[in-house]
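Q: I am new to this structure and would like to go through it step by step. Could we begin with how the chain folds back on itself?

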Amino acid sequence: MTEKAMSFSTAWKSFYAKAGLPRIVIGVFFIFLNIVSIVIGISFGSLMTDVIIRALMNMILVLAMVPGIRSGIGLNFGLPLGILCGLLGGVISIELDFTGAMGFLMAILIAIPFAIIVGIAYGWLLNRVKGSEMMVATYVGFSAVSLMSIGWMLLPLNAPEMAWPMGMGVRTTISLEGRFNHILNDFWRFPTGDMDLSFGGFEIPTGLILFVSFMLFVMWVINRSKMGIAMKTVGANPKFATASGLNVNFYRMFGTVLSTVFGAIGILVYAQSFGFLQLYLAPMFMGFAAVAGVLIGGANVRDANISHVIIGTFLFQGLLVIALPVANNIMTLGSLAEITRLVVSNGIILYALTQVTGGD
Amino acid sequence: MENNVTIDRGILDRKTKIKRFFVKNMVTIMFIILSYIGFHYSGLSVPFFMSELITRFARNGFLVLALIIPVMAGMGLNFAIVLGAMAGQMGIIMVVHWGITGVPGVLLCVLLSTPLAIIFGFLTGKLLNKTKGQEMITSLILGFFANGIYQFIFLILVGSVIPMVNEEMILSSGVGLRVTIALNDTIRYALDDVWRFSFIHTVLIATIIFLIIYAVKLYKMKKGETADAPTDKSKTYFNLGVVVALLAVTLGVMFSESRINDLQVPMITFAIIGVLCLFTYFLSKTKLGQDLRTVGQDRHIAKVSGINSDGIRVLAIVLSTLLAAYGQIIYLQNLGTLSTYGSHEQVGMFAIAALLIGGASVTKATIGQAVLGTILFHTLFIVSPLAGRNLFGDAQLGEYFRAFVAYGVIGLSLAMHAWKKYLQSKDELGM
């Protein structure tokens, strides 16, 4: 009897050490919210549909963290760079008047070369600021977003849904209606109910699941390839990597470029589900949510893999999705979800930062 | 022949010196040029511009100065002054709720925010001691995190858990504070209005005081009483020249019909900023200031010489947070509206951008840099929307440009510092 209790307590201790207090709190909170949502009678089916869609539409942005962390640049707070490339791809695709699946595909194809170029420049910079990557990346991201805000105002775009009827610049949000709105979400969606997902009961967005799975698979293959293993070595132990003849800066740059490209694809997947391209200041803080997602899944500043992405995104986005109706039911306050997001995402990042050095 | 060589070397020295001066102060010089261009295209009149600048300097100067002490302690730019600003706002919220007005209101704000700021600073310091080497990103994220907690308290707990009844401040649902709280009837201009004095006379008196100081210094040098290096002498001459030129301009303006003569200065606010300058200056001369710098330069040496480096670091952050709380009170009593959930958000970024524009870096920041930076940054703030509208036909463009400048200057300065550090570590390893 006591032995059993002992083994349980050691198991709990090892789990506690591995998961860390914040993750356990978040997990318990998530389960608690689920129970509350059932008790107060929120339609569970539609809620789960929302959770699945929200998690999947964010997952590639979170996945973009993996190559960054594995190659040793740490948490890629500069994700807005990739996001901007993706948005640029989307905008150009609309300007060239592509629609439907072609529009989505072209957006990705146009975005990737931009992302590669930007990623190389960004990787070059990060190779020169070793040890302070995260802080520099954050501000590179911020300044890129505000510089691109000027860009959005000056770009000569004329498609009617993008340009203001008068004055200069592109609209703040561009509707994807008639372009590639829900192109993945609605592909083989079943059961095909009406368009309104939130009240249609439980639905499976097959296209989104397939595409995200494909991207996860691509990352999985990269991680297991020769390049991926070299990248991991460089990230884990740069001195050992140098000794074994690996070009540390090259693999760090490779990781940065990958991260930027996945960020670009990620925002397009996000946008097709959200229904709008959000320009100007919207991408500013998207990097933080992605960082928080991967950390909640169990990654740290030195190590991340695909399971962390899947668990973390479902937990974090699920928490945010469920918190909203629950909060609205208990007391009519819309802001609780936003507050949860701020506290949870920044709390987990702070926790991860304290785990890096832990003093000296 | 020998003479020639020495002369050549002298010229070369001067050339490299000038070059070094420009490289070192690149950011500041760039901003002076940028500010001038912006001012030119904004089409603003000098008196209007000056009055805006005086207001903005009085508003923000204190907050920028609050950043200096952590830099001395080697902790970089303290983005967590946001927490200090929150403490200041908490004091203001209580004072406005109780309806205490004028100078007593402000003093009560200070009294109430002091313990809060000390607690926040202490916790921040403890956290930063756990993340050595990553202090800046931690303080930045901590600001966001604290913002979440702050919103939770004032949007959800106030009115529901914390009893508070005040129709003007609480949302109609009875829970949560309104998004903006007007300070018009309570503490607006409480400090500024105590004593407003003619701007031009203030400048006149200041220049005369400086003139006397430099004249005495020069007189002593001539007599050879001080053992100053010749560079100091030329510096004094230069300063004296600047002061004389300023005096001439001041007198010129005084005898003209310019509207600059109508400008007024909130003397108490400026005096408080002046006191903080003196405090920071004298702090750096004390034993504590020495310890701060030792910890900033090398924690191991500090440890060997028996300094409790963790304690010093916490103290530096507590001081910075406390000053930020007071700075935010000064800021809001001038602004007159408390944006309950927004006033504190940008405080860290704007203060840091201002300090860096003044020529400071992650490891070195002086009072002069803080003052110059505040002036330049806010010049850009005043002129860029108008310049944007006049140059490109859109004021929004100027505002984006301003945001880009603030973020860009921080990013650039962080990157340059990190690059330097990286190169140094490479040198040490002999790679």
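A: Of the contacts in chain B between residues at least 6 apart in sequence, 75% join residues at least 24 apart. Two residues are in contact if their C-beta atoms, placed from the backbone, lie within 7 Å. This is a predicted model, in which local features need pLDDT of at least 70, side-chain atom pairs count only at pLDDT 80 or more, and totals for chains, interfaces and linings use all residues. Residues are numbered from 1 along each chain as its sequence is written, while chains are lettered from A and ligands numbered from 1 in the order in which they are written.

Q: Which helices and strands does chain B have, in numbers?
A: Chain B has 16 helices and four strands; these are DSSP runs, numbered from the N terminus (helices H or I, at least four residues; strands E, at least two).

Q: And what is the mean pLDDT of chain B?
A: The mean is 86, and 94% of the residues of chain B reach 70 or more; pLDDT is the predictor's confidence in each residue, from 0 to 100.

Q: Which element of chain B has the lowest mean pLDDT?
A: That is helix α1 (residues 2–24) of chain B, at 65, whereas helix α6 (residues 102–130) of chain B has the highest, 94. Where pLDDT is low, the predicted coordinates should not be read in detail.

Q: Changing topic, how many residues of chain B are in contact with chain A?
A: 40 residues of chain B are in contact with 39 residues of chain A. The largest share of that side of chain B, 16 residues, comes from α16(B).
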